[in-house]
Amino acid sequence: MANKKNEICFLCGKTKNQTDRLIKGKYGYICGDCINAASDLISEEEQQSIPNDVQLATPSQIKTHLDKYVVGQEEAKRTLSVAVYNHYKRLNQSKKSDVEIQKSNILMIGSTGSGKTYLAQSLAKFLNVPFAIADATTLTQAGYVGDDAETMLRTLIENADYDIEKAQQGIIYVDEIDKIARKGENTSITRDVSGEGVQQALLKILEGTISEVPVVGGKKHPQAQTTKLDTSNILFICGGAFDGIEKIIGKKEQHNSIGFSANISDKKNDGADLSQVEQHDLVKYGLMPELIGRLPILVTLNPLLEDDLVRILTEPKNAIVKQYKELLSMDGVELEFENEALKKIAELAIKRGTGARGLRSIIEKSMQKIMFDVPDMQDVEKVVVTKQCIEGKTDALVIGKKQIA
């Protein structure tokens, strides 16, 4: 007969009289309370959504990181920081909660070169999650020649080293989303390969669905190997320039100003504030209301001015000028850009309408001869890039030059 004194839970010490059940095992007893506690602990660990390597930071910490790489756009960085923080908190929500937090994808509106793609890239890098970029203009309705919506999911899986769990916590940036807008608010009765059809294909993926993704190749094939990917926790950030949306905003503002007190001195409102854009403006532009509903967070980026571009050239942690200085320092040569040269680079980028995206190509063209010649020179102490050098009128100033014969 078993010794009643030994019938106690080996974890908490409760006796048979102190608990609803006491189960005997090979090495002793365990009570029902400890079994339930262990079960809850295991369930919480299994339901933990965010992988250990995802860096969940506060909004202020996220913005501080973005400040190191992105100049200006303060309001956009704050909005993005809060949105991303809430998104990954949502993934970490206790399964016991009765409140279901819906996913909030993001739509960024800003001119070419204003930093939309770079912001998304910087966020993914900081959070240590897989990242993929898709160009909406290359996507087509399923069944047509081109990339279908699952292609961007395959890219995300590849960038996650085929770790499905990790890919399902990633970020996908869909660029040029404005280019698939319908030509007006009325639904076309004809088949639309690159516009409304693509918007329809994106709807379920943005909201959350189990998608069959081809592991190899960009298209589904009956014999192709596929894998299932749940998009419910993937954060989608869509971006576009939305050229001409200022006119839609401007008409709305003019309509609101009708009356004796209206300001009629500025009838042409081409400089409408993008921060005033609303969901119904995007519907007028040609995006489907259902798609806009899956992109509830609107982030607008201001056009970059000359001073902004000069700061972008010099201030960020990986600024282009800093990169070239580092490259020449490896040859023991100091590099200096005159202020007028920096302003000229910014001026050319604005003139070309490329924003920050065009800065590198302008500098690389001006630096090509320098980077080619300097390694074959001796006793070079310093290279100075002038405005005339950027304009292509003269070469850069080389101080202490003694060229090898």
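Predicted model: local features only at pLDDT ≥ 70, side-chain atom pairs only at ≥ 80, totals over all residues.

Mentor: Ser 114 touches Gln 73, Leu 301, Asn 302 and Leu 304, not counting residues up to four places away in sequence; contact means heavy atoms within 4.5 Å. Residues are numbered from 1 along each chain as its sequence is written, and side-chain values use heavy atoms, without hydrogens and water.

Trainee: Is Ser 114 buried or exposed?
Mentor: Ser 114 counts as buried, because its relative accessibility is 4%; buried means under 20% relative accessible area, exposed over 50%, and partly exposed in between (1.4 Å probe, protein chains only).

Trainee: And what about Ser 111?
Mentor: Ser 111 is partly exposed, at 28%. Its backbone oxygen lies 2.7 Å from a polar atom of the Ser 114 side chain.

Trainee: What does Ser 111 contact beyond its neighbours within four places in sequence?
Mentor: Ser 111 is in contact with Lys 116, Ala 241 and Pro 303.

Trainee: New topic: how many residues has the largest nonpolar core?
Mentor: That core has 42 residues, and Ile 172, Leu 202, Phe 236 and Phe 242 have the most contacts inside it. Such a core is a set of buried Ala, Val, Leu, Ile, Met, Phe, Trp, Tyr and Cys residues joined through side-chain atoms within 4.5 Å.

Trainee: What is the mean pLDDT?
Mentor: The mean is 79, and 79% of residues reach 70 or more.

Definitions and conventions. pLDDT = per-residue confidence, 0-100. Polar contact = N/O pair within 3.5 Å; in protein donor to acceptor, adjacent residues only side chain to side chain.
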